[in-house]
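Subject: Structure for you to look through

Dear colleague,

I am handing over the structure below, together with some notes on what was found in it. Please keep the viewer open while you read, so that you can follow each residue as it comes up.

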Amino acid sequence: MTAYERTRQGWTAPTGLPGALGLSPRFEAAVAGLQQALNTAGAVPSAGPVWYPPVVPRELLERAEYAESFPHLLGTVHALAEGADRSEGPAASGVALAPAACYSVYPSFADRELAEAAHADVAGYCYRHEATTELGRFRSFRMREFVMVGDADATLDWRDEWIARGEALFSRLGLKVTVQSATDPFFGPGGRFMRASQLEQSLKYEFVAPVAADDEGTAIASANYHKDHLGARFGITYAGRGTAHSACTAFGLERVVLALLHAHGGDRANWPTLTEEAI
């Protein structure tokens with residue numbers, strides 16, 4: 001389905017900004033159905049995610065070393081102080097646009113020891129300053145993430161279980177995905193030089209599916225093992241065993257719906273039913 005066809009059928013609308021789409025009630029109904037499907041995709045059913053705002057303190061991303069690894073993707077908020085001279089222009093406010101929903105979770109665990117593994121189900125509006133204009137390469141988008149913080153073995157097993165659960169979910173949705181090893185975005189200043197090592201260690205897997213007729217494949221979800229990187233950065237220890245490890249599984253809500261549109265067309269009657277609710 002082309003962008004024109006999606007617009008004509010009432011799914012999306014242009015905004016004048018590449019990487020940002022207007023989303024119709026039809027699109028939002030599909031997102032709501034997807035959210036319901038994700039509620040039951042994990043080992044333990046969820047009542048739904050905790051929603052976080054689209055902004056975070058800049059210092060949070062600096063602590064996670066995201067800003068050092070991906071300065072070209074980072075968006076920051078600038079504003080004029082009350083009474084400031086407008087000719088000087090707005091200044092940095094100390095606020096950044098969240099590049100992923102899970103970053104807002106780690107401050108709640110920071111600088112303390114966890115007695116048992118911690119789990120979180122979160123969602124949020126995110127922003128990445130993408131330079132391309134291809135469909136699915138959103139600047140503004142929503143992400144649903146499941147997060148675990150615990151010891152190394154259990155966290156890695158949890159990530160691997162989510163790979164299988166993700167494949168089962170997309171199969172029920174009628175989406176043909178391939179699971180591909182990729183580089184992980186949760187490493188610091190040396191991250192760009194660690195890509196070969198990350199691939200060898202199999203830290204990140206992406207679920208790839210086409211979102212348009214001319215798309216060879218777009219990552220619509222990922223399963224990530226961060227090792228102890230974020231545990232170390234946020235001072236999280238686990239049950240007397242040292243620095244905690246973490247993992248997350250992330251679903252790009254708009255990308256998954258675009259993949260469903262491409263696979264099944266614009267008539268919702270032709271879409272599969274995952275649970276009692278049709279997406």
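Among the contacts in the chain with a separation of 6 or more, 66% are between residues 24 or more positions apart. Please bear in mind throughout that this is a predicted model. The chain has eight helices and 14 strands, and of its 279 residues 47% count as buried.

One example of residues brought together across the sequence is Phe 109, which sits in the loop between β6 (91-97) and β7 (112-114). Phe 109 and Gly 231 are 122 residues apart in sequence, yet their C-alpha atoms are 9.0 Å apart in space. With a relative accessible area of 10%, under the 20% cut-off, Phe 109 counts as buried, and, leaving aside neighbours within four places in sequence, Phe 109 is in contact with Leu 114, Ala 118, Val 149 and Ile 236.

Val 149 comes up again in the largest nonpolar core, which has 72 residues, and of these Val 149, Phe 170 and Ile 220 touch the most other members. Helix α8 gives the most to this core, with seven residues. If you select Ile 220 and leave aside its neighbours within four places in sequence, you will find it in contact with a list of residues including Phe 170, Leu 175, Val 177, Phe 251, Arg 255 and Val 256.

At 1.5 Å a residue, the 21 residues of α5 (residues 152-172) should span 30 Å, and the C-alpha atoms at its ends are 31 Å apart, which agrees. Which residues of α5 are buried? They are Thr 155, Trp 158, Arg 159, Trp 162, Ile 163, Gly 166, Leu 169 and Phe 170. Seen down the axis of α5, these buried residues fall within an arc of 155°, so they line one face of the helix, while Asp 153 and Ser 171, on the other side of α5, are exposed. Thr 155, at 0% relative accessibility, counts as buried, and, not counting residues up to four places away in sequence, Thr 155 touches Met 148, Gly 150, Tyr 225, His 245, Ser 246 and Ala 247. Just after α5, Gly 174 takes a positive phi of about 75°.

Finally, please look at Arg 255, which lies in helix α8 (residues 253-264).

With best wishes

Technical notes:
Residues are numbered from 1 along each chain as its sequence is written. This is a predicted model: local features need pLDDT of at least 70, side-chain atom pairs count only at pLDDT 80 or more; totals for chains, interfaces and linings use all residues. Side-chain values use heavy atoms; hydrogens and water are left out. Helices (H or I, at least four residues) and strands (E, at least two) are DSSP runs, numbered from the N terminus. The expected span of a helix is 1.5 Å times one less than its number of residues. Buried means under 20% relative accessible area, exposed over 50%, partly exposed in between (1.4 Å probe, protein chains only). The arc is that of the directions from the helix axis to the C-beta atoms. A nonpolar core is a set of buried Ala, Val, Leu, Ile, Met, Phe, Trp, Tyr and Cys residues joined through side-chain atoms within 4.5 Å. Contact means heavy atoms within 4.5 Å.
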